[in-house]
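Morning, everyone. Here is the model I want to walk through today. Please keep the structure open while I talk.

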Amino acid sequence: MSFSLFLPCAGGAEEFLAAELARIGGADQARTLRGGVQLRGDIAAVMRLNLHTRIAQRVLVQLTQQPYRVEQDLYAVASAVPWEEWFTTKQSFKIEVTAQHSPLKSLNFAALKIKDAVVDRFRNKSGLRPDVETRWPDVRLFAHLTADAVTLYIDTSGEPLFKRGWREDKGEAPLKETLAAAMIAASGWQGEVPLYDPCCGSGTIAIEAAQVACNIAPGATRRFAFEKLRGFDARAWSALREGARAAERRAEVPIHGSDVAFRMVDFANRNAQRAGVGDAVNFRGGDALQRMPPTDTPGVMLLNPPYGERIEAGGVAGARSRAGRETAQSETQGDFFAQLAAHWKKNYADWSAWVLSPDLKLPTRMRLKESRRVPMWNGPIECRLFRFDMVKGSARKPQEDAPAGP
Ligand SMILES: C[S@@+](CC[C@H](N)C(=O)[O-])C[C@H]1O[C@@H](n2cnc3c(N)ncnc32)[C@H](O)[C@@H]1O
């Protein structure tokens, strides 16, 4: 049986997700929408997508889409969905409601109406009802309200997919694994040249890249909500996982990360071990303003550098600002980025650097001309992923693929 599926992702990552889903295969009729990709697939495709997508946040199965005007309409729409085909009264559930231009005043009240409909439907059928559990539900239901339509989904992922199961150690501003994967996809890197993150923090970008290079499925070590849904085919699932394990390989290129904070380097190493890429990625301590290229062959740098309120530049630039206490933070940051650019121009000839930043003026601060700027949302923060192509002494001219965007 084929379902309409929706896979939400970070804003800006939609086209990369669509390309990734085409590679994973097993589903069709993909449509790229704002905030995700819609496509059709059966339960086998649902398992496959959960196991292999690096960029999507969840895999949702659409159960109905109907017009509505008032809260009572939501009750009627939710009452008509055969929930008992998906889960039982022994399982707890939770409803999450999102809305865009909905005329309803309270989303909590909308959720309550849908919850009542689910509970009443079970009780009418069997005399029993499932419990609501907001922290660790067995089953998550999603309702999305637009100005005039409600769409109900059942979630097949459970914990959001950025929780791969390996990042137990993290710093103050860790990047979501799904966003790191979107950055890697945007850069076009597929494991053929070296990759280096000189501000690696807990190692997210380098570890994601190492898993790509080793063809390790991102969901290889975690559990999914579909394992608790009715009709779960445990044999098909274990065959799928074994197939994925059998396709793992050794990375063909070196992958490196470094950070000025040695504590982060420890974290990154431990995370890499848990992610199964301890041998494929190499983490070291050091200031990005001083570290020389980790390989003789030029490659790709990919980083979300220290920025703004949560994380200041450490190392040489940070020490300078701590010495002159009156220096404004933005000046320190500007200084850090100008020095970073100078260091790259001098020592990183023929590398390209992809930098995720909320600062739309970053190229000016770095005195570099970007050859790409890709809009990408880091949670609620609007960012750009800038590409800089390094040649000794200056930045290369922009390439013809540079989009005109803001
Ligand atoms: C935004 S965090 C990176 C987070 C990382 N992508 C992750 O997922 O954990 C920025 C990192 O830059 C590091 N950093 C700050 N100044 C640095 C410097 N001068 N050289 C190298 N790393 C630096 C910080 O210690 C921090 O871990």
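Start with helix α1, residues 14-24. Its buried residues are Glu14, Phe16, Leu17, Ala18, Glu20, Leu21 and Ile24. Buried means under 20% relative accessible area, exposed means over 50%, and partly exposed is in between, with a 1.4 Å probe and protein chains only. Helices (H or I, at least four residues) and strands (E, at least two) are DSSP runs, numbered from the N terminus. The cover over the buried residues of α1 includes β1 (3-8), β2 (28-33), β3 (36-41), α2 (43-52), α5 and β13. After α1 comes glycine 25, with a positive phi near 75°.

A word on ground rules. This is a predicted model, so local features need pLDDT of at least 70 and side-chain atom pairs count only at pLDDT 80 or more, while totals for chains, interfaces and linings use all residues. Residues are numbered from 1 along each chain as its sequence is written, and side-chain values use heavy atoms, with hydrogens and water left out.

Next, α5, residues 177-187. How many of its residues are buried? The count is 10 of 11, so call this helix mostly covered. The buried set is Glu177, Thr178, Leu179, Ala180, Ala181, Ala182, Met183, Ile184, Ala186 and Ser187. They pack against α1, α6 (204-213), β11 (300-303), β12, β13 and β14. Contact, throughout, means heavy atoms within 4.5 Å. Glycine 188 follows α5, and its phi is positive too, near 80°.

Now strand β14, residues 381-391. Two residues here. Cysteine 383 sits in this strand. It is buried because its relative accessibility is 3%. What does cysteine 383 touch, beyond residues up to four places away in sequence? The list is Leu356, Ser357, Pro358, Val374, Pro375, Met376 and Asn378. Take proline 358: 25 residues away from cysteine 383 in sequence, yet 4.0 Å away in space, C-alpha to C-alpha.

Arginine 387 is also in β14. Is this arginine buried or exposed? Buried, because its relative accessible area is 16%. Its side chain makes a polar contact with the side chain of aspartate 389, at 2.8 Å. A polar contact is a pair of N or O atoms within 3.5 Å; within protein, one must be able to donate a hydrogen and the other to accept it, and residues adjacent in sequence count only if both atoms are side-chain atoms.

On to the cores. A nonpolar core is a set of buried Ala, Val, Leu, Ile, Met, Phe, Trp, Tyr and Cys residues joined through side-chain atoms within 4.5 Å. The largest one holds 93 residues, and Phe87, Val277 and Met376 have the most contacts inside it. Look at phenylalanine 87. Setting aside neighbours within four places in sequence, it contacts Phe93, Val118, Phe122, Pro130, Val139, Leu141, Ile154 and Arg230. Another core lies apart from that one, with 23 residues, including Ala288, Leu303, Leu368 and Phe388.

Now the ligand. It is surrounded by 25 residues, and the closest are Ser202, Thr204, Asp259, Asn304 and Gly314. Near means that a heavy atom of the residue lies within 4 Å. By class, that shell has 15 nonpolar, 6 polar and 4 charged residues. Ala, Val, Leu, Ile, Met, Phe, Trp, Tyr, Cys and Pro count as nonpolar, Asp, Glu, Lys and Arg as charged, and the others, Gly among them, as polar.

Specific distances. A backbone N or O atom of leucine 175 is 2.9 Å from a ligand oxygen atom. A side-chain N or O atom of aspartate 287 is 2.9 Å from a ligand nitrogen atom. For asparagine 304, a side-chain N or O atom is 2.6 Å from a ligand nitrogen atom. Taken alone, the ligand exposes 600 Å², and the protein buries 95% of that. Accessible areas come from the Shrake-Rupley method with a 1.4 Å probe; for residues, only the protein chains shown count as cover.

Last, backbone angles. Most residues other than glycine have a negative phi. Aspartate 350 has a positive one, about 75°. It is in the loop between α10 (329-347) and β12 (352-357). Arginine 367 is exposed, at 63% relative accessible area.
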